[in-house]
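Take a moment to look over the chain before reading on. Then follow the text from one part to the next.

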Amino acid sequence: MILDFRVKEVLLPFGGEQPGPTQRLDALLSAGGNLTHAEQVLRSTLESDPDAFAAYFALYKLLFRQSRLVEAEAVVRNALAAASRQGGFDLNWQNHAAGSARWSTVNSPAHFYLFSLKALSFILLRQGRMAECRMILDKIEELDPGDLIGASVIRAYADGAASA
């Protein structure tokens, strides 16, 4: 089974244009590169640029799709730290309110933070950590009432899992 991790759009889902490392990853995967090498490329990118949002996104997506949930969670938490550092706001999602950052500005660290928080909620859901998942989804709903990042999809999965 071949998994496609290429970033096909010019714009990433959390905003911003594809940086060079993401374009190189796309080229590698298009040429039939393996996932182990792709992971090495992403980790190397993050070692040299610990604020490379696209590399965090691609790495936690790659790990999640391989069901390496503990590792994916660690990468998401590092992505949250990078976003809070770049945005100058608190790392702890529980300390945020609607006005504590510019959550709806797509090309911003705050928006990437929300996007990664959504990823964390999905990882927690897959790990069966429902209470944590729901607390994060409630916070995202407070910070993103227009559902710009699509967290309602994760909530629907959580609701389905709860009723099963």
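In which kind of crossing, left-handed or right-handed, does α6 pass α7? The crossing is left-handed. Keep in mind that this is a predicted model.

The axes of α6 and α7 are 10 Å apart, and the helices pack at an angle of about 150 degrees. From α6, the residues M130, C133, R134, L137, D138, I140 and E141 take part. They meet A151, I154, R155, A158, D159, A161 and A162 in α7. Sorted by class, this contact has nine nonpolar and five charged residues, and no polar ones.

Step back to the whole chain. The protein chain has 164 residues. Its secondary structure comes to seven helices and zero strands. Read from the N terminus, the order is α-α-α-α-α-α-α. Of the residues, 43% count as buried. Contacts also reach along the sequence. Take the contacts with a separation of 6 or more: 56% of them join residues 24 or more positions apart.

What lies inside? The largest nonpolar core has 46 residues. Those with the most contacts inside this core are Y60, W103, F112, Y113 and L117. Six elements are named as giving two or more residues to the core: α2 (35–48), α3 (53–65), α4 (69–87), α5 (109–126), α6 (130–143) and α7 (151–163). The most comes from α5, with 11 residues.

Start with L117. Leaving aside residues up to four places away in sequence, L117 touches L80, W93, I136 and I140. Next comes W103. This residue lies in the loop between α4 and α5. Why does W103 count as buried? Its relative accessibility is 3%, and buried means under 20%. W103 touches F89, H96, A97, A98, A110, H111, Y113, L114 and L143, again not counting residues up to four places away in sequence. One of these, L114, is 11 residues from W103 in sequence. In space, the two are 7.2 Å apart, C-alpha to C-alpha.

Now follow α5 to its partners. Its axis and that of α7 come within 10 Å and cross at roughly 15 degrees. That angle makes α5 roughly parallel to α7, because angles under 35 degrees count as roughly parallel. The way α5 passes α7 is a left-handed crossing. On the α5 side, K118, S121, F122 and L125 make the contact. By class, the contact of α5 with α7 has seven nonpolar residues, one polar and one charged.

Another partner of α5 is α3. These two helices pack at an angle of about 10 degrees, with axes 12 Å apart. So α3 and α5 are also roughly parallel to each other. The α3 residues in this contact are F53, Y56, F57, Y60 and F64. The α5 residues are P109, F112, F115, S116, A119, F122, I123 and R126. This contact of α3 with α5 divides into 11 nonpolar residues, one polar and one charged. Look again at Y60 and F112: both belong to this contact, and both are among the residues with the most contacts inside the core.

Not counting residues up to four places away in sequence, K139 touches W93, Q94 and H96. W93 is a residue that L117 touches too.

Most residues other than glycine have a negative phi. Which values do S67 and D147 take? Phi of S67 is near 60 degrees, a positive value. S67 sits in the loop between α3 and α4. At 46% relative accessibility, S67 counts as partly exposed. Phi of D147 is near 55 degrees, also positive. D147 is found in the loop between α6 and α7. Its relative accessibility is 28%, so D147 counts as partly exposed.

Key. Residues are numbered from 1 along each chain as its sequence is written. This is a predicted model: local features need pLDDT of at least 70, side-chain atom pairs count only at pLDDT 80 or more; totals for chains, interfaces and linings use all residues. Side-chain values use heavy atoms; hydrogens and water are left out. A nonpolar core is a set of buried Ala, Val, Leu, Ile, Met, Phe, Trp, Tyr and Cys residues joined through side-chain atoms within 4.5 Å. Buried means under 20% relative accessible area, exposed over 50%, partly exposed in between (1.4 Å probe, protein chains only). Helices (H or I, at least four residues) and strands (E, at least two) are DSSP runs, numbered from the N terminus. Contact means heavy atoms within 4.5 Å. Axes are lines fitted to C-alpha atoms, for helices over the stretch in contact, and angles run from 0 to 180 degrees between N-to-C directions. Angles under 35 degrees count as roughly parallel, over 145 as roughly antiparallel, 65 to 115 as roughly perpendicular and the rest as oblique. A crossing is left-handed if the near helix is turned anticlockwise from the far one by less than a right angle, and right-handed if clockwise. Ala, Val, Leu, Ile, Met, Phe, Trp, Tyr, Cys and Pro count as nonpolar, Asp, Glu, Lys and Arg as charged, and the others, Gly among them, as polar.
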